[in-house]
Every structure is written in structure tokens, then in C-alpha cells.
Amino acid sequence: MSLLNLPDDVLEKILSYISYDEVSRCRLVCRRINYVSKRVLNRGFHKVERYHAQCLRQVKSQLPRRESERRKHPLARHCDILTAVETRLSLLGMTFMKFIEMNLCCFIPGKVLDEIYKVLRYVTSEQTPVRAHEVLQELRDLSSMAMEHFDEKISPAFRKRKESGPKIVTGISIFARKFLLN
């Protein structure tokens with residue numbers, strides 16, 4: 001029995017044991033692994049968003065209501081870090097999600113997902129974390145590079161394809177023809 005004969009759910013389970021960066025590199029293996037890896041990466045992005053929201057809710061529920069008291073609270077740095085992660089997640093979502101929803105790509109930068117999880121695990125396990133800029137430097141660098149690369153190299157092709165629309169070839173669109181020939 002070949003690995004590729006396994007059901008998608010089993011392949012996803014196997015891929016869940018490696019990092020998201022490794023999953024993103026596995027996409028090069030073949031079409032089937034690419035398809036399953038794309039699902040794992042997209043789910044990973046949504047999962048990290050939910051996990052972040054849960055962490056932020058938990059920290060905010062323990063903070064005092066007054067802003068002046070919040071700054072001195074032991075969880076103030078936790079909140080600062082989580083708020084900065086929220087901004088990064090929002091920027092990543094704005095960059096990738098419209099193309100993911102159109103089924104043109106998946107959440108490509110697996111390394112960014114790994115780094116977000118690393119930051120969230122750090123924040124949830126540390127009593128007194130270091131300043132936000134120290135914790136988030138790698139995440140800022142990775143996510144900025146990923147968004148810039150996507151905007152400069154990948155999304156222009158998607159935009160061009162979207163603007164031109166499917167070409168008609170003897171009454172059958174290229175997309176339909178691809179599925180008929182396979």
C-alpha cells in the first residue's frame with residue numbers, strides 16, 4: 001500500500017505531526033500531497049486565529065477595567081504581545097484570505113504559523129515575559145517578508161487571471177476542459 005492510497009483524513013493526520021513550515025514544503029511532492037497540505041495550512045491559519053482569540057480573551061478577563069491600573073498589572077505585557085499578534089494576524093488575513101476564499105491559493109507561509117504558535121506558547125507559559133518588541137521581532141520579520149513576497153511575486157498572477165477571466169475554447173472554458181481531460 002502506498003502513502004498516496006491513504007484517505008485524505010489519514011494524510012492530514014500524518015502531516016499534523018510535522019511543522020507547518022515542513023507541510024508547506026511538502027506541497028512540492030505531488031498534486032495529492034499539495035491538495036492535502038493546502039487544507040492543513042488553511043486550517044492551521046484558522047486554528048491559530050481561534051487559539052489567539054482564546055488567549056487574548058483569557059488575559060483581558062483578568063485585567064482591571066481602568067486603563068491606568070492595566071499598565072501596572074502583571075499581565076500588561078501579555079496583553080501587549082497578544083494585541084501585536086492580533087495586528088499581524090489581521091495583516092496576514094488581508095493579504096492572503098481573499099485569494100484563499102477564491103480557491104486560488106492556500107496560506108503559504110507555514111513558517112509564520114509556526115512562529116505565531118511559538119509566541120502564543122511563550123505568552124501562555126511565562127509569568128513575566130520580556131517586552132513585546134523582543135518577543136515579536138522574528139514574527140514581524142517573517143510575516144513582513146511573506147506578505148511582501150506574496151504581494152510582489154504571487155498575487156499579480158492571480159489578479160491578472162481574475163481580470164482576464166476564463167478564456168473560452170470552442171465553447172468550453174479552460175477550467176472545465178482541464179477537468180474533462182483528467
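Begin by selecting Pro 7, which is partly exposed, with a relative accessible area of 49%. This is a predicted model, and in it Pro 7 sits in the segment before helix H1, the helix that spans 8-15.

Next, select the cysteines. A disulfide is a covalent bond between the sulfur atoms of two cysteines. The structure holds 0 disulfides, and Cys 26 illustrates this, since the nearest cysteine sulfur to it, that of Cys 30, is 9.9 Å away, whereas a disulfide needs the two sulfur atoms within 2.5 Å. Cys 26 is partly exposed, with a relative accessible area of 22%. Move on to Cys 105, which is likewise in no disulfide, the nearest cysteine sulfur being that of Cys 106, 6.3 Å away. Is Cys 105 buried or exposed? Cys 105 is buried, with a relative accessible area of 6%.

Finally, select Arg 88, which you will find in helix H5, made of residues 76-101. Arg 88 is buried yet has no salt bridge, and the nearest side chain of opposite charge, that of Asp 141, is 7.8 Å away. With which side chain does the side chain of Arg 88 make a polar contact? The partner is the side chain of Ser 144, at 3.1 Å. To see the surroundings, leave aside residues up to four places away in sequence and show the residues that Arg 88 touches, which are Leu 139, Arg 140, Ser 143, Ser 144 and Met 147.

Notes: Residues are numbered from 1 along each chain as its sequence is written. This is a predicted model: local features need pLDDT of at least 70, side-chain atom pairs count only at pLDDT 80 or more; totals for chains, interfaces and linings use all residues. Side-chain values use heavy atoms; hydrogens and water are left out. Buried means under 20% relative accessible area, exposed over 50%, partly exposed in between (1.4 Å probe, protein chains only). Helices (H or I, at least four residues) and strands (E, at least two) are DSSP runs, numbered from the N terminus. Lys and Arg count as positive and Asp and Glu as negative; His and the chain ends are not counted. A salt bridge is a side-chain nitrogen of Lys or Arg within 4 Å of a carboxyl oxygen of Asp or Glu. A polar contact is a pair of N or O atoms within 3.5 Å; within protein, one must be able to donate a hydrogen and the other to accept it, and residues adjacent in sequence count only if both atoms are side-chain atoms. Contact means heavy atoms within 4.5 Å.
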